[in-house]
Amino acid sequence: MIVLHNVQKKLGMRPVLRHIHMEVKKGECLSIVGPNGAGKTTLLKVCACIHQIDAGSMYWNGQDVYKQLTEYKRNLGWISHHHFLYENFTPVENLRFYSELYGVKNCEETIKRWLKIVDLYVFKDIPVRTFSKGMKQRLSLARALLHEPSILLLDEPFTGLDQDGVQLLFHLLQQEKEKQTAIMMVTHDFSHIEKISNKVIFLHKGEIAAESVQTEEKHIKEMYKTLVDER
Amino acid sequence: MNIKQIWMITKKELYYEYKEKQNVMFILVFALLMITTYSFSFTITQDLLKQITPGFIWIVTIFTGVMCFERSISYELHNDCLTGLLVAPIEKSAIYIGKAIANFLILFCTNVIVIPLLFILFDFRYYQHLSLFFVVMVVGLFGFSIVGTFLACISNKVLFYILLLPMVSPLLIAGAQSTKILFLTENQIHDMFSWLKMMIAYDCIFFTVCYWLIDFVLGE
Ligand SMILES: Nc1ncnc2c1ncn2[C@@H]1O[C@H](COP(=O)(O)OP(=O)(O)OP(=O)(O)O)[C@@H](O)[C@H]1O
Ligand SMILES: [Mg+2]
């Protein structure tokens with residue numbers, strides 16, 4: 001479980017996040033929505049400890065994140081529209097590097113299993129630079145999940161995926177939820193939210209403008225519109 | 001300092017270079033072009049060779065070094081792989097040292113190819129103090145890689161080029177001086193040792209400073 005308490009973050013001189021209070025329980029999926037530049041990616045980066053927070057605190061399983069940083073990071077999975085893959089490496093080489101980083105046991109077996117899950121096993125020895133965007137995104141799913149994270153941070157994860165890819169991601173996320181993974185997802189496509197999320201927060205100019213446990217597309221659209229119009 | 005993490009990064013860097021071969025090709029072609037230009041611009045005698053070779057060696061090293069350092073970070077930015085590394089459970093200093101060691105090895109290997117090639121093509125006969133020359137090169141390349149890789153980690157590219165000059169010039173001056181003494185004035189070997197000591201001190205100081213500062217530089 002992750003808890004953020006009064007988190008603040010400045011980038012350069014600008015405050016990008018202000019007074020962020022939130023909580024994601026195990027097996028729960030929290031969606032974050034907001035206009036461009038609202039600070040959604042920054043919020044995820046703060047949760048991933050890429051950015052140090054300027055004030056406030058962050059807890060994981062009841063303890064300060066920064067006191068157990070390595071263990072926390074080992075449990076972190078990150079999927080974004082950037083896929084973090086080395087173009088000159090083959091899928092196997094990419095996944096091998098990442099599994100070494102995360103100390104995955106039974107590395108070769110795991111890689112093989114994941115390549116089959118994301119349906120790229122036949123392309124396993126071809127450099128990633130020859131892949132289409134969607135194929136890279138699929139591989140990036142394998143990259144993010146192969147060390148069995150217990151916290152998943154998703155930044156517009158559906159970008160570039162075809163219908164099958166979207167279904168695959170939903171299926172994987174559902175499985176992760178059953179495995180009690182805490183999920184935070186940033187997305188601009190509200191139709192994806194109701195299928196998977198338990199809770200939505202609206203981020204606006206670095207602040208949480210509203211929270212809702214109702215995740216139906218229509219409801220979110222209405223709320224989003226009133227919030228953006230209001231401010 | 002986590003040796004296992006450092007080795008993972010170094011291994012990946014070297015494997016990337018092995019697949020891409022960009023640095024090795026660049027330096028070979030660059031060195032050959034320079035040798036050709038030099039041999040047509042001067043009437044080269046053994047005396048003249050002794051004068052120009054130290055500078056030549058260090059110029060080739062600077063060019064390849066700068067390219068190598070720049071590339072070792074810029075290819076990480078391509079698909080935001082750097083974020084992938086920063087999210088992973090490894091220390092920022094391990095990423096930095098891993099890359100610095102890889103850059104050192106790449107520079108070292110390219111020099112191992114280019115310097116003998118240079119000696120052969122110029123018909124430059126030099127046999128004394130080869131081991132000392134080797135030590136000077138290793139110490140010089142190590143310091144150069146430490147500082148160059150550190151500067152490349154700064155996200156502001158203009159700053160990289162601005163800081164490179166003042167930060168590496170003491171090392172390069174000392175390197176060129178020691179090489180010159182080795183090639184030209186063999187009887188002043190003790191002078192060479194003061195330059196060498198200075199280079200070793202430079203390496204130690206900058207390694208410590210960069211190691212401490214990297215947490216504030218990488219990814220910020
Ligand atoms: N490295 C940086 N330095 C300074 N400001 C930054 C930096 N990165 C982001 N910002 C600023 O922080 C704000 C939030 O950026 P962020 O990327 O979190 O937005 P976002 O909500 O993810 O937007 P989008 O929907 O476009 O992805 C923006 O106004 C941006 O200009
Ligand atoms: Mg974003």
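**Salt bridges, a strand and an interface**

Me: Which residue does A:E23 form a salt bridge with?
Reply: A:K25. The closest N and O atoms of A:E23 and A:K25 are 3.6 Å apart. A salt bridge here is a side-chain nitrogen of Lys or Arg within 4 Å of a carboxyl oxygen of Asp or Glu.

Me: What kind of model is this?
Reply: A predicted one: local features need pLDDT of at least 70, side-chain atom pairs count only at pLDDT 80 or more, and totals for chains, interfaces and linings use all residues. Residues are numbered from 1 along each chain as its sequence is written, chains are lettered from A and ligands numbered from 1 in the order written, and side-chain values use heavy atoms, with hydrogens and water left out.

Me: Back to that pair. What is the relative accessible area of A:E23? And of A:K25?
Reply: A:E23 has 29% and is partly exposed. A:K25 has 42% and is partly exposed too. The cut-offs: buried is under 20% relative accessible area, exposed is over 50%, partly exposed is in between (1.4 Å probe, protein chains only).

Me: How many salt bridges does the structure hold over all chains?
Reply: 20.

Me: Take chain B. Which side chain does B:E76 meet in a salt bridge?
Reply: That of B:K12, at 2.5 Å from N to O. B:E76 lies in helix α3 (residues 46-77) of chain B and B:K12 in helix α1 (residues 3-20), so the pair ties together parts 64 residues apart in sequence. Helices are DSSP runs (H or I, at least four residues), as are strands (E, at least two), numbered from the N terminus.

Me: Is B:E76 buried or exposed? What about B:K12?
Reply: B:E76 is buried, with a relative accessible area of 0%. B:K12 also counts as buried, at 3%.

Me: Which residues are linked with B:K12 in a network of salt bridges?
Reply: B:E13, B:E76 and B:K99.

Me: Which residue does B:E70 meet in a salt bridge?
Reply: B:K157, at 4.0 Å from N to O. B:E70 is in helix α3 of chain B and B:K157 in helix α7 (residues 157-184), so this pair ties together parts that are 87 residues apart in sequence. B:E70 is partly exposed at 22%, and B:K157 is partly exposed at 25%.

Me: New topic: strand β9 of chain A. How many of its residues are buried?
Reply: Six of six, over residues 199-204.

Me: Which residues sit on each side of β9(A)?
Reply: A:K199, A:I201 and A:L203 are on one side. A:V200, A:F202 and A:H204 are on the other. Both faces are covered. In a regular strand the side chains alternate between the two faces of the sheet.

Me: How many bridges join strand β3 to β9(A)?
Reply: Four, and the two strands run parallel. β3 covers residues 29-33 of chain A. The bridge partner of A:L30 is A:K199. Two strands pair if DSSP finds at least two bridges between them.

Me: In which sense do β9(A) and β10 pair?
Reply: Antiparallel, over five bridges. β10 covers residues 207-212 of chain A. A:V200 stands opposite A:S212 in β10(A).

Me: What does A:K205 do in the hairpin of β9(A) and β10(A)?
Reply: A:K205 takes a positive phi near 45°. That hairpin has two residues between the strands.

Me: Now the interface. How many residues does the contact take from chain A and chain B?
Reply: 22 from chain A and 23 from chain B. Contact means heavy atoms within 4.5 Å.

Me: What area is buried between chain A and chain B?
Reply: About 2300 Å², with carbon and sulfur atoms giving 63%. In chain A, A:I50, A:Y86 and A:L101 lose the most area to chain B, together 26% of what that side buries. Buried area is the accessible area (1.4 Å probe) that two parts lose on being put together, summed over both.

Me: How many salt bridges are found across the interface of chain A and chain B?
Reply: Two. A:E100 and B:K11 meet in a salt bridge at 3.1 Å, N to O.

Me: Which elements give two or more residues to the side of chain A that touches chain B?
Reply: α2 (69-74), β6 (76-80) and α3 (91-101) of chain A. α3(A) gives the most, with five residues.

Me: Last one: where does A:K105 lie?
Reply: In the loop between α3 and α4 (107-117) of chain A. A:K105 is exposed, with a relative accessible area of 73%. A:K105 and A:F123 are 18 residues apart in sequence and 23 Å apart in space, C-alpha to C-alpha.
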